[in-house]
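Hi,

Here's the structure I said I'd pass along.

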Amino acid sequence: MANDDRFFVFSGKFDLTQVSKGLNGFSLKTENSIPRRAFNLLDCYDQSVRADGRLLIQTDDVLRLLNSDGSVVEQSGIGTGRFVQDLPEGPVRTALTGFPSLRALMGITSGWFESHDFAVLDDLQKTQVRGFAQSLSTQGGQVVLVRVQPMRGYDRAFQTVCAAFADLSSGQQSMEAVFQALLPGISPYKAKPDIALGTDEPSVQVATDIIRTYLHVARQNEAGVIADIDTEFLHDYRVSLRRIRSVLSLFKGVFSPDQTAEFKQVFSDLMAPTGPVRDMDVYLLDKDMYFNLLPSNLHLGLEAMFDQFGAERARAFQALTKQFRSTAYEQQMSKLTTLFSEAGAIQPGPNAARGAYDYACALIWKRYRKVCKLARRITEDTPDEAVHALRIDCKKLRYLMEFFAPLFDKKAFKALIKPLKKLQDNLGLFNDYSVQQDALLGFVSRQSNAQGRVNAQLALAAGGLVSILDQRQRAERHRVIASFKHFDSLDTQHLFRTLFHHKEVKT
């Protein structure tokens with residue numbers, strides 16, 4: 001689209017002939033129409049296309065990507081249920097470079113689409129302005145998108161046409177206006193929703209709000225897990241429960257001891273059946289990486305290994321979806337939702353009434369000091385268990401900071417989170433390499449027959465991977481030490497102390 005082109009959005013029904021009344025000596029002619037046909041509006045579950053100010057629709061076997069400036073690229077292909085990187089080569093796939101690789105395209109809504117070009121003519125029937133209009137309608141609403149293109153030497157006609165469209169347009173000229181018209185009241189899914197906090201808000205209310213919010217996030221992902229649309233549904237479900245469990249663990253004394261123990265057991269039981277599926281998902285997602293790590297003469301063993309991973313994943317997934325569909329599960333989740341939504345249902349503990357700000361400072365400062373104490377002891381010879389313990393404490397620190405972020409300066413928090421995240425990334429890789437080695441050795445052991453023999457190709461492939469993963473784990477330990485040194489800088493120490501260490505407060 002040329003820089004001088006203009007883009008207009010019209011909510012509701014709109015007829016191009018309405019514009020003709022304001023054209024003052026010009027007439028509008030419709031041409032090259034695409035007849036009415038069904039369309040699907042595609043995006044991933046967290047609506048990344050929408051967040052980028054674009055709109056992706058599929059009509060028959062054609063994908064059309066409408067950009068924020070009203071320009072359109074299209075290609076043949078089916079998008080529903082596909083990952084962007086698996087689409088056929090074409091301009092739409094190219095334009096969506098950067099789209100989340102782990103999120104699949106899915107139908108957000110459906111309706112009817114039609115399009116036609118138009119020309120604006122002078123008294124001599126000479127074309128002075130061109131444009132095109134696209135109409136989208138769903139059960140929720142209707143919108144018309146118009147792009148107007150100037151032609152050299154006809155600036156007055158172009159300005160006249162644009163003024164006529166501007167008089168009739170719906171105000172907000174963006175793709176967000178299109179989504180709001182087609183999907184009124186439907187906001188994009190957020191894996192980490194904003195939670196409003198007050199400085200003096202009782203800590204028990206903060207904890208309850210966080211748990212209720214992430215319980216809702218978990219529930220939003222259930223249908224996607226069951227449909228097996230992509231692995232991120234289960235990942236977000238697990239992270240939501242993990243955040244809830246971290247509240248129960250970190251907000252000591254906010255709930256009564258008996259209720260805290262009960263909640264911990266309930267959410268642990270909910271989490272348990274998701275582990276085997278997630279473990280296999282991680283392997284299957286990294287399949288290409290594993291094949292790239294090993295020489296081709298070991299690929300036969302890898303194929304056998306991944307066949308087994310697929311079978312194990314299928315069995316674990318069947319058990320998980322059976323739980324999600326069960327009456328007992330629905331009753332449990334409904335009970336929890338009600339419990340964390342009703343006033344007076346929570347039994348307060350001794351710290352329940354503490355103000356959110358003071359409590360946040362005490363919790364974050366205490367966890368930060370623990371992280372530093374552990375990290376400063378990490379050397380080349382430190383046992384893996386100590387590095388894993390540091391990873392867990394860094395995660396707890398990050399959760400606390402994210403929970404209480406609304407109470408503190410956004411810029412300062414960002415300056416602290418960035419090096420902490422880098423340290424967490426290194427610790428996460430270190431842990432992944434360790435866990436994958438143990439899992440591969442366990443996998444080989446399970447594949448052995450009664451005499452202790454195992455397929456030679458499979459054993460060689462697993463052994464080769466374990467060796468490579470061990471080397472990567474050793475290298476990652478160096479990066480952990482380096483990342484902590486950056487996180488432990490004098491500036492970071494000073495900022496933590498300034499924000500959180502106002503006085504010694506027992507937690």
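In β3, I57 is the bridge partner of L41. That pair belongs to an antiparallel pairing between strand β2 (residues 27-43) and strand β3 (residues 55-59), which runs over three bridges. Keep in mind that this is a predicted model.

Zooming out, those two strands sit in an open sheet of eight, with antiparallel pairing and the order β1-β8-β7-β6-β2-β3-β4-β5. At the edges you'll find β1 (6-11) and β5 (72-76), each of which pairs on one side only. On average, neighbouring strands in this sheet are turned by 30 degrees against each other, ignoring direction.

Now for the helices. Helix α12 (residues 299-324) packs against helix α17 (residues 456-487) at an angle of about 95 degrees, and their axes are 7 Å apart. Because angles from 65 to 115 degrees count as roughly perpendicular, that is the label for α12 against α17.

Which residues of α12 and α17 meet? From α12 it's L300, G301, L302, A304 and M305, and from α17 it's Q457, L458, A461, A462 and L465. The residues of this contact split into eight nonpolar, two polar and no charged.

A bit more on α12: its buried residues include G301, L302 and M305, plus several phenylalanines, among them F306, F309 and F317. E312 and R313 are buried in α12 as well. The length of α12 checks out too: at 1.5 Å a residue, its 26 residues should span 38 Å, and the end C-alpha atoms are 36 Å apart, which agrees.

Cheers

Technical notes. Residues numbered from 1 in each chain as written. Predicted model: local features only at pLDDT ≥ 70, side-chain atom pairs only at ≥ 80, totals over all residues. Heavy atoms only, no water. Pairing = 2+ DSSP bridges. Helix = DSSP H or I, 4+ residues; strand = E, 2+ residues; numbered from the N terminus. Axes fitted to C-alpha atoms, helices over the stretch in contact; angles between N-to-C directions. Parallel < 35°, antiparallel > 145°, perpendicular 65-115°, else oblique. Contact = heavy atoms within 4.5 Å. Nonpolar A, V, L, I, M, F, W, Y, C, P; charged D, E, K, R; others polar. Expected span 1.5 Å × (residues − 1). Buried < 20%, exposed > 50% of the residue type's maximum accessible area, 1.4 Å probe, protein only.
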